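Subject: Structure for you to look at

Hello,

I am passing on the structure we talked about. Please open it first; my notes on what was found follow below.

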Amino acid sequence: MELWGGIECTINRVGNLYLDQLDYSGHYNRTEDLELFADLGISKIRYPVLWEKHLPEADIDINWSDTEKRLLKIKELDIEPIAGLVHHGSGPAYVQMTDDSFAEGLANFAAKTAARFPWIKYYTPINEPLTTARFCGLYGHWYPHESSDNSFLRILINECKATVLAMREIRKINSGAILVQTEDLGKIHSTPLLKYQADFENTRRWLSIDLLCGKVHSKHPLWSYLQSAGINDTDLSFFLENPCPPDIIGFNHYVTSERFLDERVEHYPSHTHGGNHFHRYADVEAVRVAGTEMSGPYNLLKEAWERYHLPMAITEVHLHCTREEQLRWFDSVWKSAIKLEDEKIDLRAVTTWAMLGSFGWNKLLTRPNGEYEPGIYDIRSGRPRPTALCKMIRSLSKKEKYNHPVTERPGWWKKDTRIIYNHDPIKIENITNQRNIPPLLIVGKTGTLGNAFARICKLRDIDYKLSGRQEFDITDLTGMEKLILDVKPWAIINTAGFVRVDEAEDDELNCFLSNTTGPGHLAALCNKYGIKLMTFSSDLVFDGRKKIPYIEDDNVNPLNNYGLSKAKAEQAVLQSCPDALIIRTSAFFGPWDKYNFVSEVHNAVKKRIPFRAVNDIIISPTYVPDLVNVCLDLLIDDEKGIWHLANDVALSWFDLAAQISERSGGDPALIIPISAAEMDFRAMRPIYSALRSTRGDLLPCLEDALNRYFAEQLIVA
């Protein structure tokens with residue numbers, strides 16, 4: 001079984017707007033991406049040679065230069081391309097998916113592609129035709145924005161006809177060309193009442209492959225449905241006369257590919273409601289419903305094998321989630337594939353998908369750009385940064401076992417935390433792993449940040465141990481070493497330290513002992529025992545002379561003892577442990593403690609108490625849940641060096657207080673602007689210490705963070 005790779009390359013149309021994933025990811029401007037892909041050890045890559053991109057207007061000469069350079073580079077790197085001609089697209093503007101212009105147009109483009117690249121052997125003329133037909137013709141999300149069975153079926157039949165004609169043209173030039181036909185591998189579950197609807201949809205999910213295989217005839221279970229929807233015999237007889245069975249069926253399966261139908265709509269939010277001519281019902285992700293037994297990739301692939309007995313591949317494996325869950329998902333699918341291979345089922349490959357991540361799938365690609373989901377690489381800095389998935393893929397490509405403590409736990413889709421809908425109710429039993437898993441050691445039991453890490457590690461099911469000064473005093477070298485040898489952590493997160501900025505001016509000894517000497521000793525121990533270390537620094541290492549946000553490479557020049565203790569700690573830590581990860585952050589606030597600026601403003605506004613806020617010091621607020629989640633991802637990715645993490649904004653304390661007041665419905669006059677001089681701080685502060693990162697804006701914007709902060713306050717209230 002091989003490892004393949006693929007990049008999310010959709011060009012879909014919404015209205016008259018074409019949304020191009022590779023434009024968003026910047027891949028068009030980076031030929032060096034291909035060498036990164038080759039470094040993973042993949043043998044084939046699903047690579048776009050897209051119709052909409054190359055032939056946007058009819059009868060023009062195609063400029064092949066960039067694509068040719070990339071395809072030849074792929075060949076040079078000893079990777080075999082699987083050329084994708086349409087990826088969730090509706091074709092250029094001069095064709096229509098609902099008539100023959102689409103099929104004939106794609107066949108024409110396929111002929112030109114094969115003539116230009118006669119050496120390409122593998123093709124996917126149209127990715128997931130059934131899914132695309134549903135989004136374009138049944139749900140109306142994408143162009144031509146239709147919503148009827150007739151339009152859905154006409155689009156699907158034209159896509160399948162286009163596939164047949166495209167492969168015919170390709171095989172005129174390369175008789176050995178191989179069709180890798182991809183489709184979503186989902187399944188519908190339901191209540192007993194809606195079993196008839198589930199049975200119908202579970203038959204319909206095979207329709208694209210049935211058409212290509214010449215299996216849709218008068219005895220097919222969907223024949224009457226096709227005819228009642230207005231599909232004529234001529235359209236269907238084409239496939240009986242011109243069968244084009246896939247050489248390899250590529251199945252794409254996601255955690256949410258399985259759905260659940262329930263007529264008890266009152267239990268579900270309105271956006272899930274739908275129905276047919278007989279019943280109204282909710283259509284939700286099956287993984288979120290208690291009592292629904294998921295089929296999973298192993299059973300679904302076995303079902304597909306028993307139906308077709310054609311070679312198969314898993315052509316997309318991706319999960320938009322935290323890093324350990326991404327690792328757990330790939331590991332789960334890989335193990336299912338190995339099991340199938342051991343059972344002599346012809347499964348050719350598993351494909352690591354969305355290697356550069358993807359944009360906007362949370363909104364089903366109905367809007368430009370959209371929320372970014374990291375993949376094997378994270379491209380938010382403008383250049384691909386390898387995540388922990390890279391190490392996993394490289395190991396598997398070498399037939400080596402990949403080990404990381406966070407993968408020892410089952411994925412969220414196997415635990416009670418997955419459940420949103422439990423109406424019967426049903427007791428959910430967690431699947432647990434009894435193995436002795438090395439923990440993550442969190443230092444700083446009494447602090448806001450340490451407790452936030454413990455809370456989120458629990459949510460993410462990452463084994464951890466939270467230690468305070470009594471168990472783990474970072475100023476006690478001998479005691480630290482003893483606990484490290486006893487706990488045997490795979491990583492240590494140091495959130496302990498002296499945090500009182502003004503008091504540090506008078507208590508310099510304790511400040512430097514906790515903030516500099518302690519982290520330096522801890523770094524030396526981590527280096528000695530091969531343990532990953534993450535520790536925290538501050539925006540107060542800067543002097544505030546800049547008028548634009550500070551980045552990681554800017555020179556430090558602290559104005560007070562606290563900032564100096566952090567600057568010296570950075571030097572000491574990296575000198576003793578060059579692979580340590582140091583996070584500079586600023587002005588953090590969160591929903592789980594009352595002792596931060598945002599909470600103080602919020603409480604003052606609720607009590608109608610005036611609140612004074614400095615208007616001449618500029619900072620970057622940081623939402624603690626975002627900070628902790630990103631830090632954990634970076635730690636699992638084995639990142640090192642100095643990183644700036646803050647919500648992407650620069651504003652004064654007064655401006656922040658005004659935003660909190662407005663959201664709290666308070667009187668804006670109660671927020672009183674004052675200068676830093678009026679505060680009579682004991683320690684000097686930089687007047688500007690906003691942070692940005694050259695490594696990418698990994699945290700959401702402040703507006704998004706505040707939305708979630710206030711939502712959390714409502715839950716607590």
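Aspartate 638 sits in the loop that links helix H20 (624-636) to strand S28 (641-644). This is a predicted model, and in it aspartate 638 has a positive phi of about 65 degrees although it is not a glycine. With a relative accessible area of 38%, aspartate 638 is partly exposed, because that class covers values between 20% and 50%.

Aspartate 78 lies in the loop between H4 and S5, and its phi, near 65 degrees, is a positive value in a residue other than glycine. Its relative accessibility is 68%, so aspartate 78 counts as exposed.

S28 belongs to an open sheet of six strands in the order S20-S19-S21-S22-S23-S28, with parallel pairing. Strand S20 (464-467) and S28 are its edges; each has a single partner strand, so one side of each is left without a neighbour in the sheet. From one strand to the next the twist averages 20 degrees.

The partner of S28 is strand S23 (residues 581-585), and the two pair in the parallel sense over four bridges. One of the bridge pairs is arginine 584 with histidine 644 in S28. Helix H17 (residues 508-529) packs on this sheet, where it touches strand S21 (491-494) and strand S22 (532-538), and its direction makes about 175 degrees with that of S21. H20 lies across strand S19 (440-443), S21, S22, S23 and S28, and runs at about 160 degrees to S23.

The barrel

There is also a closed barrel of eight strands, running S1-S4-S5-S6-S7-S9-S13-S14 with parallel pairing. On average, neighbouring strands of this sheet are turned by 25 degrees against each other, direction ignored. Aspartate 184 stands opposite asparagine 252 in S9.

On the helix side, H4 (residues 65-76) lies across strand S4 (44-48) and strand S5 (80-87), and runs at about 180 degrees to S4.

A hairpin shows the other sense of pairing. Strand S2 (residues 11-14) and strand S3 (residues 17-20) are antiparallel and share four bridges, with valine 14 opposite leucine 17 in S3. The hairpin has two residues between its strands, and glycine 15 takes a positive phi near 65 degrees there.

Helix packing

Two helix pairs share H13. In the pair with H12, helix H12 (residues 296-308) and helix H13 (residues 323-342) pack at about 40 degrees, with their axes 8 Å apart. That angle makes H12 oblique to H13, and the crossing is right-handed. Pro297, Tyr298, Leu301 and Lys302 of H12 meet Val333, Ser336, Lys339 and Leu340 of H13. By class, this contact has five nonpolar, one polar and two charged residues.

In the other pair, the axes of H13 and helix H14 (residues 388-397) come within 9 Å and cross at roughly 20 degrees. H13 is therefore roughly parallel to H14. H13 passes H14 in a right-handed crossing. On the H13 side the contact is made by Arg323, Gln326, Leu327, Phe330, Asp331 and Trp334, which meet Ala388, Leu389, Met392, Ile393 and Leu396 in H14. Eight of these residues are nonpolar, one is polar and two are charged.

Two loop residues

Leucine 194 lies in the loop between strand S8 (187-190) and helix H8 (195-204). Is leucine 194 buried or exposed? Its relative accessibility is 0%, so leucine 194 counts as buried. Leaving aside residues up to four places away in sequence, leucine 194 touches Leu261, Asp262, Glu263, His279 and Tyr281. Arginine 154 is 40 residues from leucine 194 in sequence, and 26 Å away in space, C-alpha to C-alpha.

Proline 144 is in the loop between helix H6 (129-138) and helix H7 (149-173). The peptide bond from tyrosine 143 to proline 144 is cis, with omega near 10 degrees.

Regards

Notes. Residues numbered from 1 in each chain as written. Predicted model: local features only at pLDDT ≥ 70, side-chain atom pairs only at ≥ 80, totals over all residues. Heavy atoms only, no water. Pairing = 2+ DSSP bridges. Axes fitted to C-alpha atoms, helices over the stretch in contact; angles between N-to-C directions. Contact = heavy atoms within 4.5 Å. Parallel < 35°, antiparallel > 145°, perpendicular 65-115°, else oblique. Left-handed = near helix turned anticlockwise from the far one by under 90°. Nonpolar A, V, L, I, M, F, W, Y, C, P; charged D, E, K, R; others polar. Buried < 20%, exposed > 50% of the residue type's maximum accessible area, 1.4 Å probe, protein only.
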